[in-house]
Amino acid sequence: MSSLAPSDAAAVDTVPAPTKPKKVRVHHLAQAKQQGRKLTMLTAYDALIAPLLDAAGVDMLLVGDSYGNVMLGYDSTLRVTLDDMVRATSAVARSTRRALVVADLPFATYEASAQQAFESASQLMRAGAHAVKLEGGRPRVEAVRLLSQSGIPVVGHLGYTPQSENTIGGPRMRGRGDQRDAMIADALALQDAGAIAVVLEMVPDNVAIDVTAALEIPTIGIGAGPHTDGQVLVWSDMVGMQEWVPSFVHRFAQIGREITAAAAEYVESVEDGTFPAPENYHQQ
Ligand code: KIV
């Protein structure tokens, strides 16, 4: 007969559940992969939304260059400047307590040389980023190595890379056929150069599985199926700010409709004189 009480026996059999860090730092990403804990990343671009997402326990806030599409009304990320990204990054960094803040290097601020990448990335780090993200594989190795050796953690981005939309031919799945081996080679090259994670965008799930298995650093998927080490979504897609979202997005709320309904009620209340009500102002 066992001398252990039932609760002790359960403790011996149970593998401790992976714990979420109080403050997310770079080493926690590889640790999460080793522990099998899924990582979460959402975009954020300002001091209004970032603290709400941070309070929800998101591991990483990405100041993505999707800022251009989501907040500035551009139809492409190519128009986003380094100044745009510095301003957005400092707003997010100022209002975030727990999450690791990752900032995108925008188009034409890092591709020319490793030195150019260092000068641009250092502006984002001075704005409060904890890491930067850049698009591309083997052609970026020199830049990733210099940044990593200079105290600037780098997240890679493979698959559909929106800054290359004109050479790729618009949003499309990447990694099918011959592209599979090239993507694994790109991911390994980024890891060897010091990258801390790799985003996989619009990649078939079986290719995402292979890339994930080949790497020690985590993969963060968007439109890449459920088997990556983590997931990323654009925050406004995730809460349903707009009526259209890509098919790989799940809307966890319908906030856009709520805002329109609230604004319509406000308009009606002002027009019919029920707002402001007596409790909304001081009467002499
Ligand atoms: O800018 C962005 O939002 C991104 C994500 C799609 C990964 O790069």
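Mentor: Among contacts in the protein with a separation of 6 or more, 57% join residues 24 or more positions apart; contact means heavy atoms within 4.5 Å. This is a predicted model, where local features need pLDDT of at least 70 and side-chain atom pairs count only at pLDDT 80 or more, while totals for chains, interfaces and linings use all residues. Residues are numbered from 1 along each chain as its sequence is written, and side-chain values use heavy atoms, with hydrogens and water left out.

Trainee: How many helices and strands does the secondary structure of the protein have?

Mentor: Helices (H or I, at least four residues) and strands (E, at least two) are DSSP runs, numbered from the N terminus. Here there are 12 helices and 8 strands.

Trainee: What do the strands β1 to β8 form?

Mentor: Two strands pair if DSSP finds at least two bridges between them. In this model the order β1-β2-β3-β4-β5-β6-β7-β8 makes a closed barrel of 8 strands with parallel pairing. From one strand to the next, the twist averages 25°; axes are lines fitted to C-alpha atoms, for helices over the stretch in contact, and angles run from 0 to 180 degrees between N-to-C directions.

Trainee: Over how many bridges do β2 and β3 pair?

Mentor: Strand β2, residues 60-63, pairs with β3 in the parallel sense over 4 bridges. Look there for L62, which stands opposite V102 in β3.

Trainee: How much of the protein counts as buried?

Mentor: Buried means under 20% relative accessible area, exposed over 50%, and partly exposed in between, with a 1.4 Å probe and protein chains only. By that rule, 49% of the 284 residues are buried.

Trainee: Which peptide bond is cis?

Mentor: For a cis bond, check omega: from F275 to P276 it is near 0°. P276 belongs to the segment after α12 (255-272).
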